Amino acid sequence: MRWSAEQVAGLAPDPASAKAGRGLAAPAKWSGTGASARAVWGSCQGSGAKPYRTVVELAGPAFRCTCPSRKFPCKHALGLLLLWSVEQVPAAEEAPDVVAWLAERTARAARAPREPDAPKDLEAAAKRAQERLARVTAGAAELRGWLTDRVGGGLAGFERGGAEELRSVAARMIDAQAPGLAGGLRRAAGFVGRGRDWPGELLAELSLLYVLAGAALRLDELPAALAETVRTRLGFSSGSAQVLESGERVADQWLVTGAVDDEQDNLRTRRTWLRGRHSGRVALVLSFAPPGRPLDNSLPPGYVVPGELAFHPGALPLRALVADRTEAVPTPVPRGDTVATALAAHAAALATDPWLDRWPVLLSDLTPARHPGGWALSDVDGSALPLLPSVDPWPLLAVAAEYPVTLAAELTPAGLRPLTCWHQNGVVRL
């Protein structure tokens, strides 16, 4: 199956590469193009006398180009794939250099050493885990004491140095190996002095941190599922191998409702949301890549992926790994919920995991509406949800101007972040 233009764009290491790739997606810029079941190839004339030779192995995907770019994929690979996605690359016998490169990759994979897993020092690992838990517990106790004293003294004057004070405490939580507590403190620092209602938002964030720190001090007393949620929020993580081996497995037709890319601390992250057609389960699949490298593009929004997911443990199992899947296939407009139904599901999720900061929703028959703070989306019952103030509303408004649309979005305390929109002419990734 040929990839869509959105799938190709999802491979771009940055927006500049994606834009440059679109500029090269023209047949006149290429010669000697061809495609097989394994690869796509072609030559693109650049600034030099000799054209750049570009080959893409589809299974990886893997990329080879004679251009000097250090980005993977480069703009030539993206342009060639975009050309192929709209059937502008003819089927052909693989060129000799393509056959040689693919054979070299196969041989290299066969030569790769396959050493058995080294036996783990279980006693040493258990000791390290115990030592870390002791540091986290001590950090949580320190944080609860600090919060009690700081909030008890009131927030008057907090805008004149409170943010720096919160970042200082966050640094101590990093020393205590509790990145979840540190992240909450940094979020709280971002509220200080921002907008008219910042004291209330700050207090809400600090209250959740207080509860989390308290739960950390009595992990042994909590139900097992809730204890796993608390451990995850503190920053403990389950290994992928462990999740695939013992995590809850759910097989379904998984609708990929949307994806969001973020970059922080020199690490790119993609959050991909899925919804099971039969089970009704929602799932979050995370992928990571350093700058300049492509993120996983095997779960394109607007497609259905038949397969099986393995869920991380917790009171509200949400994050999952793809354990097994088949080819993604396009889907017609899915049937979503009303705003009232989505809010009820969100409330139930928050009751299970009060530290949940975003929730996936799929809403049908939405139309744009103005409200005092900006734009909102209203359903057939007249219920409405506001868009996040930071969201550019115009791409969505352009699609929803004539007919009601189905929308996948992240619901946050501040409003909706639109991800994917379905309308009469197809699907649009927002």
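Q: Before the helices, what are the axes fitted to?
A: Axes are lines fitted to C-alpha atoms, for helices over the stretch in contact. Angles between N-to-C directions run from 0 to 180 degrees. Also, keep in mind that this is a predicted model.

Q: OK. At what angle do the axes of α8 and α9 cross?
A: Roughly 115°. Helix α8 covers residues 198-216, and helix α9 covers residues 224-234. Their axes come within 10 Å.

Q: Left-handed or right-handed crossing of α8 and α9?
A: The crossing of α8 and α9 is left-handed.

Q: Which classes of residues make the contact of α8 with α9?
A: Five nonpolar residues and one charged residue, with no polar ones.

Q: Which residues in α8 and α9 meet?
A: From α8 come Leu212, Ala215 and Ala216. They meet Val230, Arg233 and Leu234 in α9.

Q: Why does Leu181 count as buried?
A: Buried means under 20% relative accessible area. Leu181 has 0% relative accessibility, so Leu181 counts as buried.

Q: What does Leu181 touch?
A: Leaving out residues up to four places away in sequence, Leu181 touches Ala140, Leu143, Met173, Leu209, Leu212, Ala213, Arg233 and Leu234. Among them, Leu212 also takes part in the meeting of α8 with α9. So do Arg233 and Leu234, on the α9 side.

Q: What about Leu181 and Glu94, how many Å separate their C-alpha atoms?
A: 54 Å. Along the chain, Leu181 and Glu94 are 87 residues apart.

Q: New topic: sheets. What is the order in the open sheet of four strands?
A: β1-β2-β3-β4, with antiparallel pairing.

Q: Which are the edge strands?
A: β1 and β4, where β4 is residues 62-65. Each pairs on one side only. From one strand to the next, the twist averages 10°.

Q: Which helix packs on the sheet?
A: Helix α4, residues 96-111. Helix α4 touches β2, β3 (52-57) and β4. The direction of α4 makes about 50° with that of β3.

Q: Back to β1 and β2. How many bridges do they pair over?
A: Four, in the antiparallel sense. Strand β1 is residues 30-35 and strand β2 is residues 39-44. Together they form a hairpin, with three residues between them.

Q: Which residues are bridge partners there, say for Ala35?
A: The partner of Ala35 is Val40 in β2. Ser31 has Ser43 in β2 as a bridge partner.

Q: Which residues does the UniProt annotation "domain: SWIM-type" cover?
A: The unreviewed UniProt entry puts the "domain: SWIM-type" annotation on residues 52-85. In the model, that span is 32% helix and 29% strand. The end C-alpha atoms of residues 52-85 lie 20 Å apart.

Q: Now helix α3. Why is it largely enclosed by the rest of the structure?
A: Because 10 of its 11 residues are buried; helix α3 is residues 75-85.

Q: Which residues of α3 are buried?
A: They are His76, Ala77, Leu78, Gly79, Leu80, Leu81, Leu82, Leu83, Trp84 and Ser85.

Q: What comes just after α3?
A: Glu87, which takes a positive phi of about 60°.

Q: On to the other sheet. What order do the six strands take?
A: β13-β12-β11-β14-β15-β16, in an open sheet with antiparallel pairing.

Q: Which strands stand at the edges?
A: β13 (384-386) and β16 (426-429). Each has a single partner strand, so one side of each is left without a neighbour in the sheet. The twist averages 45° from one strand to the next.

Q: What packs on the sheet here?
A: Helix α11, residues 339-352. Helix α11 touches β11, β13 and β14 (405-412). The direction of α11 makes about 130° with that of β11.

Q: How many bridges join β11 to β12?
A: Five, and the two strands run antiparallel. Strand β11 is residues 359-371; strand β12 is residues 374-378. A hairpin of two residues joins them. Ala369 stands opposite Ala376 in β12, and Arg370 has Trp375 as its bridge partner there.

Q: And how many bridges join β11 to β14?
A: Six, again with the strands running antiparallel.

Technical notes. Residues numbered from 1 in each chain as written. Predicted model: local features only at pLDDT ≥ 70, side-chain atom pairs only at ≥ 80, totals over all residues. Heavy atoms only, no water. Buried < 20%, exposed > 50% of the residue type's maximum accessible area, 1.4 Å probe, protein only. Contact = heavy atoms within 4.5 Å. Pairing = 2+ DSSP bridges. UniProt positions renumbered as here; feature names shortened; annotations may be inferred. Left-handed = near helix turned anticlockwise from the far one by under 90°. Nonpolar A, V, L, I, M, F, W, Y, C, P; charged D, E, K, R; others polar.
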